[in-house]
Amino acid sequence: MTRERSLRTGVRKRRRLRGRERYALAAASLVALSMTTSGCVVVHGEREVLPSATRGEAVKAVRQFTAAYNKADAAYDSSLDAEHTAGALAVIDAARLKAGHLTSPKGNAQHTPLVLSDVKYTIPEKAGWPRWFVADARGNKGGDARWLLVFTREGRQRPWQATYLTLMAPGAVPAFKKDEDGWAEAVPADTAELALPPADLSKDYTAYLQSGRGAFADGDHTSALRASRAKNATKPGLATQYLDQPLTEGAYAPLALRTADGGALVFFTTHHFTRQTAAAGAAVPTPNADVRALTTGEIKQTLTMEFVAADVALSPAKGTKRGKVSVLSRLEGFTGAKGE
């Protein structure tokens with residue numbers, strides 16, 4: 001019996017050892033997998049500061065976006081460029097195409113293909129996702145204005161998408177800070193080095209439009225816009241109200257590039273509503289075909305229109321003489337309406 005107990009004890013010990021070995025092997029496998037994954041992460045730049053894109057990738061992204069944009073515009077079909085747009089541009093573009101389809105189901109008879117030339121690429125170095133870059137191009141639409149596009153990519157297996165689009169006068173795009181290899185510098189959204197950090201711009205700009213108070217320089221998209229609103233607010237028989245809200249989450253997050261003077265060019269998104277209410281016995285002005293196409297409800301006495309804007313501002317370095325933020329451009333797109 002003693003010998004049998006000894007044998008049974010030995011078997012149990014061997015089983016425990018084999019169990020420990022299996023546990024150790026599994027743990028080692030997990031560690032190895034973790035190290036492999038971590039190694040891939042570092043190599044592909046999720047933690048290491050690397051250029052957001054190669055020049056070849058940037059050129060290809062612009063080319064693919066332009067081709068998709070033209071197909072969607074010709075057919076008035078947002079599904080044809082949905083994979084190549086995101087954020088503010090996606091919302092504005094989808095609404096435009098939907099309205100076009102509802103008013104012209106057979107497609108865009110006025111379609112002229114967009115051609116982008118003289119493209120200048122500004123590619124920042126950064127860690128983590130999203131990766132992004134700026135393309136500054138001459139377009140065959142919009143007069144002599146430059147097309148300023150921001151392309152973002154959320155992961156290695158995700159496509160490059162045009163997130164911001166705005167038009168700027170020639171010479172209005174500031175010079176960017178670049179290193180000896182030509183790479184630009186991405187500015188953190190929460191930086192304390194600027195008059196206003198990128199993370200606060202959408203919130204502070206929409207608050208400024210409501211109150212007139214804030215660190216914004218006078219200009220077409222600040223003081224002049226408020227003056228125009230005030231003029232339109234109380235026309236005979238019609239009252240117009242404006243509501244402005246920030247948009248900052250997900251694909252609407254601000255993106256900023258360091259400028260040569262130490263400031264930053266910031267791309268950000270805002271959300272706007274315009275409510276027109278007719279006096280008793282009067283009527284709200286008849287909206288155009290695109291507005292009617294995207295309007296729900298019946299327009300009796302009130303029409304509330306919704307807009308999304310892609311905004312570009314220059315936030316100077318804190319403590320500089322210029323001091324205030326200049327809103328350089330904004331592309332506002334109609335996205336829907338409600339009649340009451």
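**Values and criteria**

Reply: In this predicted model, helix H4 covers residues 198-211, and its 14 residues reach 20 Å from the first C-alpha to the last, close to the 20 Å expected at 1.5 Å a residue.

Me: Which residues of H4 are buried, and what covers them?

Reply: The buried residues of H4 are Pro198, Leu201, Ser202, Asp204, Tyr205, Thr206, Tyr208 and Leu209. The criterion for this word is a relative accessible area under 20%. The cover includes helix H5 (223-233) and the strands S9 (238-247), S10 (255-258), S11 (264-278), S13 (302-315) and S14 (326-339).

Me: What makes the contact of Asp204 and Lys203 a salt bridge?

Reply: The limit for a side-chain nitrogen of Lys or Arg and a carboxyl oxygen of Asp or Glu is 4 Å. The side chains of Asp204 and Lys203 meet at 2.9 Å, N to O, and therefore form a salt bridge. Asp204 is among the buried residues of H4, whereas Lys203, at 44% relative accessibility, counts as partly exposed.

Me: Why is the pair of Arg258 and Glu185 called a salt bridge, and what does the pair tie together?

Reply: The closest N and O atoms of Arg258 and Glu185 are 3.2 Å apart; this lies within 4 Å, so the pair qualifies. Arg258 belongs to strand S10 and Glu185 to strand S7 (residues 184-185), so the bridge ties together parts that are 73 residues apart in sequence. Arg258 has 8% relative accessibility, under the 20% limit, and therefore counts as buried. Glu185 has 26%, which lies between 20% and 50%, so this residue counts as partly exposed.

Me: How do you know that Glu332 and Arg330 form a salt bridge, and how many salt bridges does a search of the whole structure find?

Reply: For Glu332 and Arg330 the closest N and O atoms are 3.4 Å apart, again within 4 Å, so the term applies. Glu332 is partly exposed at 37%, while Arg330 counts as buried at 14%. Elsewhere, salt bridges that share partners join Asp118, Asp136, Arg138 and Arg146 into one network. The search of the whole structure finds 13 salt bridges.

Me: What lines the largest pocket, and which element gives the most to the lining?

Reply: The largest pocket holds about 420 Å³ of space. Of its 19 lining residues, the closest to the centre are Ile92, Arg96, Leu331, Glu332 and Gly333. Two or more lining residues come from each of helix H2 (55-75), helix H3 (87-103), strand S6 (161-168), helix H6 (289-293) and strand S14. H3 gives the most, with 6 residues. By class, the lining has 12 nonpolar, 2 polar and 5 charged residues.

Me: Why is Val312 called buried, and which residues does Val312 touch?

Reply: Val312 is found in strand S13. Its relative accessibility is 1%, under the 20% limit, and so Val312 counts as buried. Leaving aside residues up to four places away in sequence, Val312 touches Thr166, Met168, Leu265, Val266, Phe267, Phe268, Ser326, Val327, Leu328 and Ser329. With Phe267, 45 residues apart along the chain, the C-alpha separation is 4.7 Å.

Methods
Residues are numbered from 1 along each chain as its sequence is written. This is a predicted model: local features need pLDDT of at least 70, side-chain atom pairs count only at pLDDT 80 or more; totals for chains, interfaces and linings use all residues. Side-chain values use heavy atoms; hydrogens and water are left out. Helices (H or I, at least four residues) and strands (E, at least two) are DSSP runs, numbered from the N terminus. The expected span of a helix is 1.5 Å times one less than its number of residues. Buried means under 20% relative accessible area, exposed over 50%, partly exposed in between (1.4 Å probe, protein chains only). Contact means heavy atoms within 4.5 Å. On a 1 Å grid over the protein atoms alone, a cavity is a set of points where a 1.4 Å probe fits but cannot get out, and a pocket is an open set with protein on both sides within 12 Å along at least five of seven lines; lining residues have an atom within 4 Å of a point. Grid points are joined across faces, edges and corners, and a volume is the space filled by probe spheres set on the points. Ala, Val, Leu, Ile, Met, Phe, Trp, Tyr, Cys and Pro count as nonpolar, Asp, Glu, Lys and Arg as charged, and the others, Gly among them, as polar.
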